[in-house]
Protein chains: 2
Amino acid sequence: MITQTAEYALRAVVYLARIGGGPAVTEEIAEVTHVPQGYLARILRDLSRAGLLTARRGVGGGFALAKPAGTISVWDVLEAAESGIGRIETCPLGIGEHGASLCALHQLLDDAIASVERSFKGTSIQDILMSPRKSKPLCQTLGTTGISIKGKRPE
Amino acid sequence: MITQTAEYALRAVVYLARIGGGPAVTEEIAEVTHVPQGYLARILRDLSRAGLLTARRGVGGGFALAKPAGTISVWDVLEAAESGIGRIETCPLGIGEHGASLCALHQLLDDAIASVERSFKGTSIQDILMSPRKSKPLCQTLGTTGISIKGKRPE
C-alpha cells in the first residue's frame with residue numbers, strides 16, 4: 001500500500017530536515033538512510049522535480065529542502081515519490097451513468113485514500129522530528145556513521 | 001497510495017465474481033474492465049500465483065476465481081497485485097535501540113497501513129457486488145459490450 005520508494009523518500013527528507021535542511025550529497029544521505037545509492041539518486045531527482053528539494057552541484061552542494069520542514073507534509077513526499085492513483089472523483093472506467101456517484105469498489109478505495117491523505121497532510125516532516133516518542137527517526141544511524149550534524153552531536 | 005495495478009486487479013476479480021466466478025479469457029476481461037491486455041495478463045498471472053485465481057488452457061478455459069467471492073477480501077487482491085511494504089513491525093533501518101518501539105515516521109506509516117488493512121480485510125469481493133449503492137461496479141460496461149453474463153442479462 002505504501003511503496004518502498006515512498007518510504008525511502010521519507011527517510012531522505014527526514015534526514016535533510018534533521019541536519020537543518022541540508023545540503024547533503026547523495027552518498028551521505030544513502031549511508032545514513034540505508035538506501036541503495038542508485039535507487040536514492042532517482043528518488044532525490046523526483047523530489048527535486050516536485051519542488052520539495054533543491055539540487056546544487058559542486059563543492060558545498062548537494063540536495064537541500066526547498067522549504068521549511070514544517071511546511072512539507074508527509075503526503076507531499078508520498079505524492080512526489082510514488083505514482084498512486086490518488087483520490088477517485090469520478091468512475092475510472094468512464095461509466096457515464098455513474099456520474100459523481102462511485103460504485104462500492106471505488107468508494108471503498110477512495111475512502112481509504114481520503115483517510116490516509118487526511119492523516120498524512122496533517123503531519124509535517126517537522127512534526128515527525130519533534131515527536132516526543134522515545135525512538136527518534138534515523139537516530140542510532142546518525143550516531144554511528146560519524147557524519148557530523150551541523151555543529152550538534154547526534155542524540 | 002493505491003497503485004494502478006492494484007485497482008486493475010480489483011476490476012478483474014470483481015468482474016469474475018460478477019459472472020459467477022468465471023472462467024473468462026484475458027481478452028474478455030480486458031474488454032470489460034478497460035485494462036490494456038498485456039498489462040492485465042501480468043496481473044492475472046500474479047493473482048493466480050497468489051492462489052486467488054485458477055488458470056486453465058484450451059476451449060472453455062480461462063481465469064476463474066479459486067474460491068468463493070465471499071472469502072476473497074479486497075486486501076487479498078491488493079496484497080497479491082502490488083508490492084507495498086506491508087505492516088511495519090520493527091524499525092526498517094534495523095536500528096537496534098528502537099526495538100519494537102517505532103519512531104514517529106514509521107509509527108505514522110504503520111497506523112495508516114493498519115487502518116486500510118482493517119477496512120480492506122473486512123470487505124469481501126462479494127460485499128462489493130452486494131452493496132446497495134446505485135452505481136454497480138463495471139455495470140454500464142457489462143451492458144454495452146455484448147458479453148453474455150452466464151444466462152442473465154446485465155443490469
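The two copies meet through the same surface, because 100% of the interface residues of chain B are also interface residues in chain A. The model is predicted. In this model, 44 residues of chain B are in contact with 44 residues of chain A. The largest nonpolar core has 92 residues, and residues of both chains, including Ala9(A) and Ala9(B), are among those with the most contacts inside it.

**Interface of chain B with chain A**

- The elements of chain B that contribute two or more residues to the side touching chain A are α1 (4-18), α4 (74-81), α5 (104-121) and α7 (139-144).
- Helix α5(B) supplies the largest share of that side, namely 11 residues.
- Classified by residue type, the side of chain B that touches chain A comprises 24 nonpolar, 15 polar and five charged residues.

**Relation between the copies**

**Nonpolar core**

- Within the largest nonpolar core, the residues with the most contacts are Ala9(A), Ala12(A) and Val13(A), together with Ala9(B), Ala12(B) and Val13(B).
- Setting aside residues up to four places away in sequence, Val13(B) touches Leu47(B), Leu52(B), Ile72(B), Val77(B) and Ile125(B).

**Surroundings of Leu47(B)**

- Leu47(B) belongs to helix α3 of chain B, which covers residues 37-49.
- Leu47(B) has 25 C-beta neighbours inside 10 Å and therefore counts as buried, the threshold being 20 or more.
- Beyond its neighbours within four places in sequence, Leu47(B) is in contact with Ala9(B), Val13(B), Leu52(B), Leu53(B), Ala80(B) and Ala81(B).
- Of these contacts, Ala9(B) is 38 residues from Leu47(B) in sequence, while the C-alpha atoms of the two are 7.8 Å apart in space.

- Strand β1 (residues 53-56) and strand β2 (residues 62-65) of chain B run antiparallel and are joined by four bridges.
- Leu53(B), a contact of Leu47(B), stands opposite Leu65(B) in β2(B).
- The two strands, β1(B) and β2(B), form a hairpin with five residues between them.
- In the turn, Gly58(B) has a positive phi of about 90°.

Methods: Residues numbered from 1 in each chain as written. Chains lettered and ligands numbered in written order. Predicted model: local features only at pLDDT ≥ 70, side-chain atom pairs only at ≥ 80, totals over all residues. Contact = placed C-beta atoms within 7 Å. Buried ≥ 20, exposed ≤ 12 C-beta atoms within 10 Å, placed from the backbone. Core = buried A, V, L, I, M, F, W, Y, C linked by C-beta atoms within 7 Å. Nonpolar A, V, L, I, M, F, W, Y, C, P; charged D, E, K, R; others polar. Pairing = 2+ DSSP bridges.
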